[in-house]
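Biologist: Before we look at particular features, I would like to learn how to read a model of this kind step by step. Could we take the features one at a time, with the general idea ahead of the case?

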Amino acid sequence: MSVQNKKAPKLDPENTIAFMGVEGANADLACRQKYPYMHTLACPSFEDVFQAVVDKQAALGLIPIENSQAGRVAEIHQLLPKINLHIVGEHFQHIEHHLMAPKGATLETIKDVYSHPQALMQCRGSLRELKVTTHTYSNTAAAAADIAQWNDPSKAAVASALAGELYGLVNLKAHIEDSKDNLTVFVAIAREPVDPDPLKEKVLTTLLFTVRNIPAALYKSLGGFATNGVNIIKLESYIPGGRKQTSAQFFLTFEGHPSDRMPQLALEELGFFCKKVSVLGVYPADPERYK
């Protein structure tokens with residue numbers, strides 16, 4: 001499938017979505033698939049993605065929160081509470097890796113392969129069969145860009161099809177990932193919240209909470225979700241960086257709108273056993289979640 005580059009010399013901020021990485025990265029591809037009508041803005045770090053939205057350089061940001069192979073993106077849990085932004089959507093991105101090389105290269109000429117460590121790990125079996133030497137890189141798309149610049153038929157990159165197209169590479173071997181269920185979950189962030197209608201679509205609510213320092217506080221705080229039939233789909237604990245405290249903070253996502261009766265009762269019970277509860281977003285679920 002051909003994907004055209006939507007970059008413009010001067011981007012309209014209200015029609016721009018920011019991501020972490022460089023052009024052609026999987027996050028860039030996710031932006032283009034989730035919001036095909038928007039321009040994409042590459043940022044060097046997650047902090048820069050958040051700041052681009054805060055500074056109105058972009059209307060939205062798209063950030064990964066977990067991967068089916070690599071696990072959660074822990075850095076995001078530290079950043080979300082610090083910045084006054086809201087989760088307004090989610091996107092399930094199937095990660096596909098391709099062996100990209102300069103024109104004229106073949107599987108027989110390739111000796112060295114460059115990519116992000118996670119991409120190399122996720123293609124380990126395929127790369128072992130090719131008997132190549134692997135080299136780690138900061139980003140899959142950055143590796144593709146340098147492979148194009150080097151123009152050496154003995155070197156290739158593991159990258160997305162979009163990166164290959166943007167940097168003029170040929171696809172020597174498609175879908176070299178060892179597992180076909182490689183999936184990254186992204187969330188979209190914005191300056192203003194949204195209020196989806198649970199009667200028209202599946203709704204998720206994500207929040208952060210800190211339990212009180214009492215015995216069985218977590219067990220008691222979550223009891224209301226069980227007794228009221230509210231399905232928790234994500235629960236993670238973490239310790240905020242640089243802070244000494246006796247109780248962990250928790251990142252929780254459940255199905256439902258907080259204004260609905262059953263979630264409302266569950267949240268009331270949660271609040272009774274918590275020091276603090278902060279809602280990060282109420283947003284539509286990606287239909288892919290329920291396929």
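**Reading the features**

Modeller: Let us begin with a loop: Ala 216 is found in the loop between S12 and H8. Please keep in mind throughout that this is a predicted model.

Biologist: What is the phi of Ala 216, and is the residue buried, partly exposed or exposed?

Modeller: The phi of Ala 216 is near 60°, a positive value in a residue other than glycine, and Ala 216 is partly exposed, with a relative accessible area of 43%. Lys 131, which is not a glycine, likewise has a positive phi, of about 55°; Lys 131 is found in the loop between helix H5 (124-130) and S8, and it is exposed, with a relative accessible area of 75%. A positive phi, near 65°, is also found at Lys 56, which follows H2.

Biologist: How should I read the sides of a helix, and which residues of H2 are buried?

Modeller: An α-helix has 3.6 residues a turn, so residues three or four places apart point the same way. In helix H2 (residues 46-54), the buried residues are Phe 46, Val 49, Phe 50, Ala 52 and Val 53. Because they cover an arc of only 160° around the axis, they lie on the same side of H2.

Biologist: Which residues of H9 are buried, and which are exposed on the other side?

Modeller: Helix H9 (residues 261-272) has 12 residues, and from its first C-alpha to its last it reaches 17 Å, close to the 16 Å expected at 1.5 Å a residue. Its buried residues are Pro 263, Ala 266, Leu 267 and Leu 270, and these cover an arc of only 100° around the axis, which puts them on the same side of H9. On the other side of H9, Arg 261 and Phe 272 are exposed.

Biologist: What covers the buried residues of H9?

Modeller: The cover includes strand S12 (203-211), helix H8 (217-227), strand S14 (249-255) and strand S15 (274-284). As for the exposed Phe 272, the charged end of Arg 212 sits over its ring, 5.9 Å from the centre.

Biologist: How are aromatic pairs described, and how many does the structure hold?

Modeller: A pair of aromatic rings is described by the distance of the centres and the angle of the planes. The structure holds 6 aromatic pairs. In one of them, the rings of Tyr 35 and Tyr 37 have centres 6.2 Å apart and planes at 90°, so the pair is edge-to-face. Tyr 35 is buried, with a relative accessible area of 10%, whereas Tyr 37 is exposed, with a relative accessible area of 55%. The rings of Tyr 114 and Tyr 137 also form an edge-to-face pair, because their centres are 6.0 Å apart and their planes are at 90°. This pair links distant parts of the chain, with Tyr 114 in strand S7 (residues 112-115) and Tyr 137 in the loop between strand S8 (133-136) and helix H6 (140-150), 23 residues apart.

Biologist: Which residue lies over the face of Tyr 35, and how many disulfides are found?

Modeller: Lys 34 lies over the face of Tyr 35, at 6.0 Å from the ring centre. A search of the whole structure finds 0 disulfides. Among the cysteines, Cys 123 is buried, with a relative accessible area of 0%, and Cys 274 is buried, with a relative accessible area of 10%.

Notes:
Residues are numbered from 1 along each chain as its sequence is written. This is a predicted model: local features need pLDDT of at least 70, side-chain atom pairs count only at pLDDT 80 or more; totals for chains, interfaces and linings use all residues. Side-chain values use heavy atoms; hydrogens and water are left out. Buried means under 20% relative accessible area, exposed over 50%, partly exposed in between (1.4 Å probe, protein chains only). Helices (H or I, at least four residues) and strands (E, at least two) are DSSP runs, numbered from the N terminus. The arc is that of the directions from the helix axis to the C-beta atoms. Rings of Phe, Tyr and Trp (its six-membered ring) pair if their centres lie within 6.5 Å; planes under 30 degrees apart count as stacked, over 60 as edge-to-face and the rest as tilted. A charge sits over a ring if NZ of Lys or CZ of Arg is within 6 Å of the ring centre and within 35 degrees of the ring normal. The expected span of a helix is 1.5 Å times one less than its number of residues. Contact means heavy atoms within 4.5 Å. A disulfide is a pair of cysteine sulfur atoms within 2.5 Å.
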